[in-house]
Amino acid sequence: MLELEDALKRILSTIQPLEHETVALTEAADRVLAEPIVSPVDLPRFDNSAMDGYAVRAADLAATRAEAPVSLQVCGKVAAGGVSTDQVKAGTCVRLFTGSPLPEGADAVVMQEDTRPDPSRPDTVWFLQAVRPWENVRLRGEDVKRGTTLVAAGDRLTFGRIGLLAAAGLAGLCVSRQPRVGLLATGSELAESGRSLQPGQIYESNRVMLAGLVRRSGAQAEIFQLVPDTLETTRAALETVLARCDAAITTGGVSVGEFDFVKAAFEQMGGELNFWKVSIKPGKPFVFGRAGGKFLFGLPGNPVSALVTFLLLARPALARMQGASEPGLSQCPGTLTGPLANPVDRRHFMRVVQEPDGRVRPLGAQGSHFLSSIANANGLVDVPPRTSFASGRAVTVLRWDC
Ligand code: AMP
Ligand code: MG
């Protein structure tokens, strides 16, 4: 049986990033950049005013105090979006607004609130205090210098990065294509939610859960019909999915039961199994295989096992297909508020809730059929084989919600 890290290595060394495509900046949120973006401009683009006020020469106001105000002659006005042609010479100033380009000759901006108009001379303004050189001026390039890398290849386009790229004037971005993932649930006991159940049937719940996780991993998810437990239906379903999608994620049917057909069906359609079984709990039966350039992630059917194996093994694979350099799940430090005990000889990824203040609350029932524990959890704690963690212990939570 493979250790988790070895299984992951096998997956990541088999999968290559998908091809690139160009998308509009407006469509690029959460995509992964395929080529680094070097800034074609300085940001700010030009020296400009941070305030509504007056462009001055700081030296003109060196001796200014509230008791000894100094007046300057207003020799022009520049709105944001305007171009300044006025020169600020000794004894003069230019009316500016936030974002107005700084006129030549000026080296500071005094905010309007620190000035008084002169009722008898409309072209004159009184200044009540001194100003430091470059005060209230946003300097060209102080945020970003032209030629610096704005976003690296492999970075996911967060809203902040999108904003930065928009400010630099970019309109189209080269990103990795999103993987298309087909979701199959196998099991003759499964029924679509909303229908009435026959005796022995249960509602199917893995596909919608996984569809959400797949989309949050930056991939596209497509839900396919339920698959009854026969070799023929399983094979036909896998063929349909892999004809349309880059990967199939199946749940159920990967164990040793006489109704578990995923492995056999995949091999029958020409797929090549890479490994089966990983030494983790929950989720020991997990299948990874490839058929040409397409991949199979065969997750166990129990909802908790499906969730955990998706997070630990399939999610990194989807990130790799997108060329993402991001590491796996966020690792958040916290302190246990109760014990976590793992009596078995495999690592147990136990569901917990991490509170905003960092405390980590174990969720009571850890059986892999307990859906209520998934609903309330936001992370996993990796508890080594035959190990107990006492309340108060510092742990690392693998979070799937951040
Ligand atoms: P299997 O991995 O096929 O042996 O299934 C293990 C357990 O998970 C069985 O109790 C199944 O009924 C249940 N199960 C399998 N697939 C699903 C599903 N898609 N939704 C809910 N429960 C499932
Ligand atoms: Mg089954």
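A crossing of two helices is called left-handed if the near helix is turned anticlockwise from the far one by less than a right angle, and right-handed if clockwise. Helices (H or I, at least four residues) and strands (E, at least two) are DSSP runs, numbered from the N terminus.

The model on display is predicted, and local features need pLDDT of at least 70, side-chain atom pairs count only at pLDDT 80 or more, while totals for chains, interfaces and linings use all residues. Residues are numbered from 1 along each chain as its sequence is written, chains are lettered from A and ligands numbered from 1 in the order in which they are written, and side-chain values use heavy atoms, with hydrogens and water left out.

**First stop: two helices**

Select residues 206–216, helix α3, together with residues 303–321, helix α6. The two pack at an angle of about 30°, and their axes are 11 Å apart. (Axes are lines fitted to C-alpha atoms, for helices over the stretch in contact, and angles run from 0 to 180 degrees between N-to-C directions.) This angle makes α3 roughly parallel to α6, a description used for angles under 35 degrees, with over 145 counted as roughly antiparallel, 65 to 115 as roughly perpendicular and the rest as oblique. The crossing of α3 and α6 is right-handed.

From α3 come N206, M209, L210, L213 and V214, and from α6 come P303, A306, L307, F310, L311 and L318. This α3–α6 contact comprises 10 nonpolar residues, one polar and no charged. (Ala, Val, Leu, Ile, Met, Phe, Trp, Tyr, Cys and Pro count as nonpolar, Asp, Glu, Lys and Arg as charged, and the others, Gly among them, as polar.)

**Second stop: the six-stranded sheet**

Colour the strands in the order β16-β13-β17-β21-β20-β18, which form an open sheet of six strands with mixed pairing. (Two strands pair if DSSP finds at least two bridges between them.) The edge strands, each pairing on one side only, are β16 (220–223) and β18 (272–276). From one strand to the next, the twist averages 20°.

Centre the view on β20 (287–291). Four of its five residues are buried, so β20 is largely enclosed by the rest of the structure. (Buried means under 20% relative accessible area, exposed over 50%, and partly exposed in between, with a 1.4 Å probe and protein chains only.) Towards β18, the pairing of β20 is antiparallel, over four bridges. L273 has G289 of β20 as its bridge partner, and F275 stands opposite F288 of β20.

Towards β21, β20 again runs antiparallel, and five bridges join the two strands. Here G289 has L296 of β21 as its bridge partner. The two strands form a hairpin with two residues between them, and G292 in the turn has a positive phi of about 65°.

Helix α1 (residues 4–14) lies across β18, β20 and β21 (294–299), running at about 155° to β18. Helix α6 also packs on the sheet, where it touches β13 (180–185), β17 (247–251) and β21, and its direction makes about 165° with that of β21.

**Third stop: backbone exceptions**

Most residues other than glycine have a negative phi, and most peptide bonds are trans. Select L43 and P44: the peptide bond between them is cis, with omega near -10°. P44 belongs to the loop between β2 (37–38) and β3 (48–49). A cis peptide bond also joins K281 to P282, with omega about -5°; P282 lies in the loop between β19 (280–281) and β20.

For positive phi, go to D30, where the value is near 70°. D30 sits in the loop between β1 (20–24) and β2, and is partly exposed, with a relative accessible area of 47%. N136, likewise not a glycine, has a positive phi of about 60° and is found in the loop between β9 (124–127) and β10 (137–138).

**Last stop: two loop prolines**

Select P69, in the loop between β4 (53–56) and β5 (70–78). P69 is partly exposed, with a relative accessible area of 33%. Leaving aside neighbours within four places in sequence, P69 is in contact with T64, W126, F127 and L128. From the C-alpha of P69 to that of A191, 122 residues apart along the chain, the separation is 82 Å.

Finish at P199, in the loop between β14 (190–191) and β15 (202–203). P199 is exposed, with a relative accessible area of 79%.

Definitions and conventions
Contact = heavy atoms within 4.5 Å.
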